[in-house]
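Here are my notes on this one, point by point. Have the viewer open while you read.

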Amino acid sequence: MASIQELKDFTQQVRRDILRMVHAVNSGHPGGSLGCAEYITVLYQEIMKHNAEEFDMDGKDQDLFFLSNGHISPVFYSVLSRSGYFPVSELATFRLLDSRLQGHPTTHEGLEGIRIASGSLGQGMSVALGAAQAKKLNGDTRLVYSLHGDGELQEGQNWEAIMYAAAKKVDNYIAAVDVNLKQIDGTTDEVLPMGSIKAKFEAFGWEVLEVKEGNDIEAIIAGVKKAQSLTGNGKPVCILLYTEMGNGVDFMMHTHAWHGKAPNDEQLENALSQNPATLGDY
Amino acid sequence: MKKYTYTEKKDTRSGFGTGLAHLGRTNPNVVALCADLIGSLKMDEFIKENPERFFQIGIAEANMMGIAAGLTIGGKIPFTGTFAAFSTGRVYDQIRQSIAYSDKNVKICASHAGLTLGEDGATHQILEDLGLMKMIPGMTVINTCDFNQTEAATIAIAEHEGPVYLRFGRPVVPIFMPKFTDTENENKFVIGKGIQMTEGNDVTIVATGHLVWEALQASEALEKEGITAEVINIHTIKPLDEELILKSIAKTGCVVTAEEHNIIGGLGESVARTLALNNPVPQEFVGTQDTFGESGTPAQLMEKYNLNAAAIVAASKKVIKRT
């Protein structure tokens, strides 16, 4: 059990990793990655029972996590490596030729911790549901977690999965939606207004809870623990996680501009100065 | 020349249903998913005997492919069931990313393939699925010819690690292949291993699916005219049994390919590639000519689109002249 300060330090190092990874190859998606740093850190460092040292695909008797919005791979890779799945030094190979750290996560290169390829949006919830149903068949009582972008909910397959999850009472599952209200072309309201995501999930028969401070470690822990308490009651559980895209770097916040853009040298220096190293850079 | 006869006709989809039921009794990891077409896919027996291992997805094929991928995480061997059109083109990206690129052990079982779906017409008669599936890296692609071969293939793919596309059809067709017997392990289906049905010297006929029976009928007709044909039953389109095809062609010097599929992207093109790389000889293609299908009875459609024994006979004569 880590202290709140330790989790904050971990997250700050993850932010540095994200910034340095995308800067090094002048590509990748820092905005959403920074926005979800706290949530994924909390899952892997505080919430989930998982075995980083001996990764196996089936993950029996472990909690599983699926990243559906695969473009925020930097945050996923950073948290996985710093949780012990693979050497931290490998973060330096992000998006390079022959790397296991592909632009979007893949199982194809044998990277420990990855259980599904993602990047083409809208597919992760279906996969998570299958894994959750396999757990039930196996008498495995651990939980399945997933993360999705709010813009990603514009993909229709999500709504097939959302309908199915409630209908089939997949109640060993906690899906989180990263509500940062931004996507590539602008705000979600500018691109395709989605109305109330909360009301939609509720109408489909889900338990929905909101974490208004989606970049606050303590709020996230409280929210996920509350979500856990709602599992096993015949309903899937959804956390609406209100985050700030680009969180922790002042000039990347309150804009969608950094969705898929890397900082230049000067911007990197500025961003890193706002996030001093805590665990040592890769 | 070896003659093939039959005493019974059945649909290949029933062979799938029988094979799936067999797996339900013999392999506890096999699970089945269906997108609201249980009766059409003949999945009833498996479901009756293994209700806890069946997942009714509803009319949501994309979700079905993702759930199947997820079920493999936990050691399950998922068999998805819907029409070929909805097993491929409709869910191409889900198969590509969540199944094939993710190295998931999913068996995509596709019924009602090709023109023999019949009266429902072109919306449901996919003639492009073999091409779509064979282009995906790592995908095994199988198209079976009768009830017995479909049953045996269904059983065999459960033991194969990796994604498989298994294609079969709707109409009743002659049963002429030997039956797989579990106790003796006889007539086991071997993925990627073609079956030489007849011996001949003048032309090689490489056929798949419903066209295998037509190829056998064609070879008998040709024999009456003094032409001997070597018929190869190529149930596995990918990986293709190149060795068997090249061996036969070395003898006959020409080939006819026959499939219930567009000539663009199908078995014929796979064979042509093999020839181009190894031993270029004349080839004729029996298949649909870059067209959609239409409503009609299976027999009417196979005749109109030249997918029958008569078409194979004509193609054989033409290709022999080109040698």
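1. Let's start at the interface: chain B and chain A bury about 2,300 Å² between them, with 52% of that on carbon and sulfur atoms. Buried area here is the accessible area (1.4 Å probe) that two parts lose on being put together, summed over both. B:Ile73, B:Gln97 and B:Tyr101 supply 27% of the area that chain B buries against chain A, more than any other three residues.

2. Before going on, some bookkeeping: this is a predicted model, where local features need pLDDT of at least 70 and side-chain atom pairs count only at pLDDT 80 or more, while totals for chains, interfaces and linings use all residues. Residues are numbered from 1 along each chain as its sequence is written, chains are lettered from A and ligands numbered from 1 in the order in which they are written, and side-chain values use heavy atoms, with hydrogens and water left out.

3. Counting contacts (heavy atoms within 4.5 Å), 27 residues of chain B touch 30 residues of chain A. How many salt bridges does the rule find across this interface? It finds 0, taking a salt bridge as a side-chain nitrogen of Lys or Arg within 4 Å of a carboxyl oxygen of Asp or Glu. Polar contacts do turn up, in 21 residue pairs (both at pLDDT 80 or more). Those are pairs of N or O atoms within 3.5 Å; within protein, one must be able to donate a hydrogen and the other to accept it, and residues adjacent in sequence count only if both atoms are side-chain atoms.

4. Which elements of chain B give two or more residues to the side that touches chain A? They are β3 (54–56), α4 (61–72) and α6 (92–100) of chain B. Helices (H or I, at least four residues) and strands (E, at least two) are DSSP runs, numbered from the N terminus. α4(B) gives the most, with 9 residues.

5. On to the sheets of chain B. Seven strands, 7 in the order β3-β2-β4-β5-β7-β6-β12 (chain B), form an open sheet with mixed pairing; two strands pair if DSSP finds at least two bridges between them. β3 and β12 of chain B each have a single partner strand, so one side of each is left without a neighbour in the sheet. Inside it, β6 (140–143) and β7 (164–167) of chain B run parallel over 4 bridges, and B:Asn143 has B:Arg167 as its bridge partner in β7(B).

6. Another open sheet has 5 strands in the order β9-β11-β10-β13-β14 (chain B), again with mixed pairing. Its edge strands are β9 (195–196) and β14 (283–288) of chain B. Helix α11 (267–278) of chain B packs on this sheet, touching β10 (203–207), β13 (255–262) and β14 of chain B, and its direction makes about 160 degrees with that of β14(B). Angles run from 0 to 180 degrees between N-to-C directions, with axes as lines fitted to C-alpha atoms, for helices over the stretch in contact.

7. Two backbone spots to check. The peptide bond from B:Lys238 to B:Pro239 is cis, with omega near 0 degrees, and B:Pro239 lies in the loop between β12 (236–238) and α10 (242–252) of chain B. A:Asp61 has phi near 60 degrees.
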